[in-house]
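The exercises below are meant to be worked through with the sequence and the model side by side. Try each task before reading its solution.

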Amino acid sequence: MPVVKILPSILGADLGNLEAACKTCVSAGADGIHVDVMDGHFVPNLAYGSGTVAMVDRVVDTHLNVHLMITHPLDHAEAFIRAGSDTLSVHIEAEGDIAGLLPRIRALGARPGIVLNPDTPLSRVLPVVDTVEEVLFMTVFPGFGGQSFIADAMPGIAELRAQYPGLDIAVDGGLNRETCRVAREAGANVFHIGSHLFRASDMAEEVALIRAALQ
Ligand code: DX5
Ligand code: ZN
């Protein structure tokens, strides 16, 4: 199984001081920062744009994992890569030629990722797995931080892990010490964690605890 990676999702950060929040993630020993992008259409909420990605890229030197929850990713992928995305993940449920977009993301210099919602069957993403670096299973319906973990994706994670021992398999939504362990047991190795890490009194301690528990 590939190495465990823990990435705080800055949707859970204090917007009043996003720069400090990004620096806290890095000094806490996180493996990168997860940036949520929402268009108010694919999901019923708005969050962050390419300007935010550029700001994060300017203030910290870490891996930026950008999660596009937008209906038309083909129109915006390039701007997000130019802004500094290191991994750019798009939903299989979005509109347009998503299979065709993934190699374009790679050609533009980012690692392509594919994301699936809790009610989307694994079979929808299998045809593109060979073209991505990360498969991200949503463990909540996307749109908001602070929701409860949905375990429906666990069998799909286990099935994919059996076929792809070296692939980055990620989870996002409702993660805490216990649900990270559940996802890890299923086969996930990348953990995008929002409110749990930003609510912790000491993020570094929490990252270390979770990492130790998942080894
Ligand atoms: C949900 C977002 C998540 C969110 C996770 O739509 O994609 O990245 O920030 O937040 P928590 O960990 O609070 O569920
Ligand atoms: Zn996300």
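**Exercise 1. Which residues does Ser-148 touch, not counting residues up to four places away in sequence?**

Solution. The model is a predicted one, and the search begins with the place of Ser-148, which is in the loop between strand S7 (134-138) and helix H5. Leaving out residues up to four places away in sequence, Ser-148 touches Thr-139, Val-140 and Gly-174. The next step is accessibility: the relative accessible area of Ser-148 is 62%, and exposed means over 50%, so Ser-148 is exposed.

**Exercise 2. Identify the protein donors of the zinc ion (ligand 2), and describe the geometry of the site.**

Solution. Begin with the atoms: the protein donors are His-34 through NE2, Asp-36 through OD, His-67 through ND1 and Asp-172 through OD, and they lie 2.0 to 2.3 Å from the zinc ion (ligand 2). Along the chain, these donors follow the spacing H-x1-D-x30-H-x104-D. His-34 belongs to strand S2 (residues 33-39) and Asp-172 to strand S8 (residues 168-172), so that this pair, 138 residues apart, links distant parts of the chain.

Then turn to the angles. Ideal angles for six octahedral donors are 90 or 180 degrees. Among the 6 donor atoms of the zinc ion (ligand 2) the angles run from 72 to 172°, and the site is octahedral.

Finally, consider accessibility, for which buried means under 20% relative accessible area. His-34 has 0% relative accessibility and therefore counts as buried, and Asp-172, at 7%, counts as buried too.

**Exercise 3. How do the axes of helices H5 and H6 cross, and which residues make the contact?**

Solution. Helix H5 covers residues 154-163 and helix H6 covers residues 177-186; their axes come within 8 Å and cross at roughly 40°. The two helices are therefore oblique to each other. From H5 the contact draws on Met-154, Ile-157, Ala-158 and Arg-161, while H6 contributes Val-182, Ala-183 and Ala-186. Sorted by class, this contact has 6 nonpolar residues, no polar ones and 1 charged residue.

**Exercise 4. Is Cys-180 buried or exposed, and with which residues is it in contact beyond its neighbours within four places in sequence?**

Solution. First locate the residue, since Cys-180 lies in helix H6. Its relative accessibility is 0%, and Cys-180 therefore counts as buried. Once neighbours within four places in sequence are left aside, Cys-180 is in contact with Leu-175, Phe-191, Ile-193, Ile-210 and Leu-214. Ala-83, by comparison, is 97 residues away from Cys-180 in sequence and 30 Å away in space, C-alpha to C-alpha.

Now take Ala-213, which is found in helix H8 (residues 203-214). Ala-213 has 59% relative accessibility and so counts as exposed.

**Exercise 5. What is the phi of Tyr-48, and where does Tyr-48 lie?**

Solution. Although Tyr-48 is not a glycine, it has a positive phi of about 45°. Tyr-48 lies in the loop between strand S3 (46-47) and helix H2 (50-59). With a relative accessible area of 17%, Tyr-48 is buried.

Terms used: Residues numbered from 1 in each chain as written. Chains lettered and ligands numbered in written order. Predicted model: local features only at pLDDT ≥ 70, side-chain atom pairs only at ≥ 80, totals over all residues. Heavy atoms only, no water. Axes fitted to C-alpha atoms, helices over the stretch in contact; angles between N-to-C directions. Helix = DSSP H or I, 4+ residues; strand = E, 2+ residues; numbered from the N terminus. Parallel < 35°, antiparallel > 145°, perpendicular 65-115°, else oblique. Contact = heavy atoms within 4.5 Å. Nonpolar A, V, L, I, M, F, W, Y, C, P; charged D, E, K, R; others polar. Donors = N, O, S within 2.8 Å, 3.2 Å for Na, K, Ca; no water. Tetrahedral: all angles 85-135°; square planar, octahedral: opposite > 155°, others 65-115°. Buried < 20%, exposed > 50% of the residue type's maximum accessible area, 1.4 Å probe, protein only.
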